[in-house]
Amino acid sequence: MTTRTASRPIEATVTDPSLGLPSITMAVPMPGFPSHREFVLVRLNDDGLLFALTSIDNPELRFLVAPPEPFFPDYAPEIENQVFAALNTKDPDRLLLLSVITAGQDETTANLLAPIVVDRDSMRAMQVVLSGSGYPVRAIMNRNF
């Protein structure tokens, strides 16, 4: 069974100054980075569209991430129940999706195939591969970004 997600603003998660930098614990390590489970989400621009998901153990390890909604308004992937179980949540309204961004000289792309799913309450997360979804691993983002 799956649950379809919907667009949800990221602002409340990352703009409350009393929270400091939001820290995220990977419930399951990101592929290729098994020893990195603790990250902070660092805001990179005033628009609140770009963030650096930065390893606490090794600040040189960071991923450029963004909420997909402003760039891909129709993006609403179905999340498997195993993900809800791993994040210890049942409420899809409490999920935040982040896409890993690859910034190139000619184009910037977002990985819509494998979003990072964050439970806003526990700040536990995991990167999920949406097999069979048809979402691309390199979706071209607006050049005005």
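## Overall architecture

The secondary structure of the protein chain consists of two helices and 10 strands. The model is a predicted one. Followed along the sequence, the elements of the protein chain occur in the pattern β-α-β-β-β-β-β-α-β-β-β-β.

The protein chain has 145 residues, of which 46% count as buried. Among contacts in the protein chain between residues at least 6 apart in sequence, 54% join residues at least 24 apart.

Strand β4 covers residues 51–55, and five of its five residues are buried, so the strand is largely enclosed by the rest of the structure. Phe-51, Leu-53 and Ser-55 point one way from β4, while Ala-52 and Thr-54 point the other way; all of these residues are buried.

β4 pairs with β3 in the antiparallel sense over five bridges. β4 is also joined to β5 by four bridges, and these two strands run antiparallel. Thr-54 illustrates both pairings: this residue of β4 is the bridge partner of Val-40, and Thr-54 also stands opposite Arg-62 in β5. The strands β4 and β5 form a hairpin, with six residues between them.

## Strand β9 and its neighbours

Two bridges join β9 to β2, and this pair of strands runs parallel. Ala-125 of β9 takes part in both pairings, being the bridge partner of Met-26 and of Val-118.

β8 and β9 form a hairpin with four residues between the strands, in which Met-123 takes a positive phi near 60 degrees.

## Aromatic contacts

How many aromatic pairs are there? The count comes to three aromatic pairs when ring centres must lie within 6.5 Å. Phe-33 and Phe-63 form an edge-to-face pair, with 5.2 Å centre to centre and 80 degrees between the planes. Phe-33 lies in the loop between β2 (23–26) and β3 (38–43), and Phe-63 lies in strand β5 (residues 62–66), so the pair ties together parts that are 30 residues apart in sequence. Phe-33 is partly exposed, with a relative accessible area of 26%, whereas Phe-63 is buried, at 14%. Together with Phe-39, Phe-33 and Phe-63 form one aromatic cluster.

Tyr-75 and Tyr-135 form an edge-to-face aromatic pair, with 4.7 Å centre to centre and 70 degrees between the planes. This pair links distant parts of the chain, 60 residues apart: Tyr-75 is in the loop between β5 and β6 (78–80), and Tyr-135 is in the loop between β9 (124–127) and β10 (139–140). Tyr-75 is buried, with a relative accessible area of 4%. Tyr-135 is partly exposed, with a relative accessible area of 23%.

## A buried glutamate

Glu-69 lies in the loop between β5 and β6. Is Glu-69 buried or exposed? The relative accessibility of Glu-69 is 13%, and buried means under 20%, so this residue counts as buried.

The C-alpha atoms of Glu-69 and Leu-98 are separated by 9.2 Å, and the two residues are 29 residues apart along the chain.

Technical notes: Residues numbered from 1 in each chain as written. Predicted model: local features only at pLDDT ≥ 70, side-chain atom pairs only at ≥ 80, totals over all residues. Heavy atoms only, no water. Phe/Tyr/Trp six-rings, centres within 6.5 Å; stacked < 30°, edge-to-face > 60°. Buried < 20%, exposed > 50% of the residue type's maximum accessible area, 1.4 Å probe, protein only. Pairing = 2+ DSSP bridges. Contact = heavy atoms within 4.5 Å.
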